[in-house]
Amino acid sequence: MEMRRFALGALWTNGYLVWTEERRGIFVDPGGDVSEVDAWLREKEIVLEAILLTHGHADHIAGVEGLRRGKKIPVAIHVLDAPKLSAATENLSAFIGNPLVCNAAELLLEDGMILEIAGFSIHVLHTPGHTEGSCCFLVEEQKSLSKGTTGVSTSASRRNETLLFSGDTLFAQSVGRTDLPGGDEATLLHSLKKLAELPDELRVLPGHGPETTIGRERESNPFWPR
């Protein structure tokens with residue numbers, strides 16, 4: 001498994017491209033202009049097979065149509081956040097003077113679903129609180145890689161492991177805000193209890209800010225369930 005992070009849009013939302021040795025890929029949260037992503041896909045000859053959305057806020061979906069570009073690339077989002085794609089007031093873009101509307105998602109997600117796409121098993125964890133349909137994605141490659149890991153640049157990392165893409169549910173030393181429409185603090189804290197069941201060594205790739213691990217957050221995140 002290889003992964004590269006792209007800082008996208010005005011809020012520098014973390015968008016993640018994950019791909020296999022066979023150059024099959026998925027993208028998590030294209031939150032802004034995706035020209036750099038397109039260039040990387042062409043350079044590395046990666047075939048994008050799905051776009052995963054952790055939730056429906058504008059800063060996580062603004063690049064959806066740019067990545068699609070008329071291609072038949074399915075978009076996946078939780079069923080409760082799916083209406084945000086087509087409603088500028090719901091995805092909050094109307095309130096910043098730049099209304100955004102996307103086409104409907106092809107895949108409507110629910111808690112516990114397992115998607116098998118692009119050589120990955122993607123476990124859907126419904127973690128509401130930031131929005132009603134916020135999700136985290138546990139992504140693991142379906143087969144082990146036989147090649148070594150030498151020679152990988154710092155801009156892309158090869159890992160044969162499971163990664164957690166946490167969107168705006170969990171950040172390093174913090175959590176997503178709950179004062180926006182659809183947010184609820186008590187619900188978010190309940191979602192964190194679900195994440196607390198995951199192993200300490202699991203890498204966490206959040207929607208904003210640096211990566212972390214479950215163990216680090218268990219030890220020092222002030223919002224972590226005790």
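Predicted model: local features only at pLDDT ≥ 70, side-chain atom pairs only at ≥ 80, totals over all residues.

Student: Which residues have the most contacts inside the largest nonpolar core?

Tutor: A nonpolar core is a set of buried Ala, Val, Leu, Ile, Met, Phe, Trp, Tyr and Cys residues joined through side-chain atoms within 4.5 Å. Buried means under 20% relative accessible area, exposed means over 50%, and partly exposed lies in between (1.4 Å probe, protein chains only). Here the largest core has 25 residues, and those with the most contacts inside it are Leu-17, Phe-27, Val-37, Leu-48, Leu-53 and Leu-67. Two or more residues each come from strand 1 (2-8), strand 2 (13-19), helix 1, strand 4, helix 2 (58-61), helix 3 (64-68) and strand 5 (75-78). Helix 1 gives the largest share, three residues. Helices (H or I, at least four residues) and strands (E, at least two) are DSSP runs, numbered from the N terminus. A second, separate core of 22 residues includes Met-1, Met-3, Tyr-16 and Leu-115.

Student: Is Asn-14 buried or exposed?

Tutor: Asn-14 counts as buried because its relative accessibility is 2%. This residue lies in strand 2. A polar contact is a pair of N or O atoms within 3.5 Å; within protein, one must be able to donate a hydrogen and the other to accept it, and residues adjacent in sequence count only if both atoms are side-chain atoms. The side chain of Asn-14 has such contacts with the backbone oxygen of Pro-206 at 2.9 Å and with that of Gly-209 at 2.8 Å. Asn-14 and Pro-206 are 192 residues apart along the chain, yet their C-alpha atoms are separated by 7.1 Å.

Student: Where is His-130 placed, and what does its side chain reach?

Tutor: His-130 is in the loop between strand 8 (120-126) and strand 9 (135-141). With 3% relative accessibility, His-130 counts as buried. Its side chain reaches the backbone oxygen of Arg-177 at 2.8 Å, and a polar contact of 3.2 Å joins it to the side chain of His-57.

Student: How many salt bridges does the structure hold?

Tutor: Side chains of opposite charge can pair when their charged atoms come close. A salt bridge is a side-chain nitrogen of Lys or Arg within 4 Å of a carboxyl oxygen of Asp or Glu. The structure holds 13 salt bridges. In one of them, the closest N and O atoms of Glu-106 and Arg-68 are 2.9 Å apart. Glu-106 lies in the loop between strand 5 and strand 6 and Arg-68 in helix 3, so this pair ties together parts that are 38 residues apart in sequence. Glu-106 is partly exposed, at 47% relative accessibility, whereas Arg-68 is buried, at 5%. Glu-65, Arg-68 and Glu-106 are linked in a network of salt bridges. Lys-84 and Asp-81 also meet in a salt bridge (3.3 Å, N to O), and both of these residues are buried.

Student: Which residues form the nonpolar patch on the surface?

Tutor: Patches are made of residues with over 30% relative accessible area and no salt bridge: like charges are joined within 9 Å, and nonpolar side chains (Val, Leu, Ile, Met, Phe, Trp, Tyr) within 5 Å. Val-79, Leu-80 and Leu-108 form this patch, with about 240 Å² of accessible area together; accessible areas come from the Shrake-Rupley method with a 1.4 Å probe, and for residues only the protein chains shown count as cover. Leu-108 belongs to strand 6 (residues 107-109) and is partly exposed, at 44% relative accessibility.

How values were computed
Residues numbered from 1 in each chain as written. Heavy atoms only, no water.
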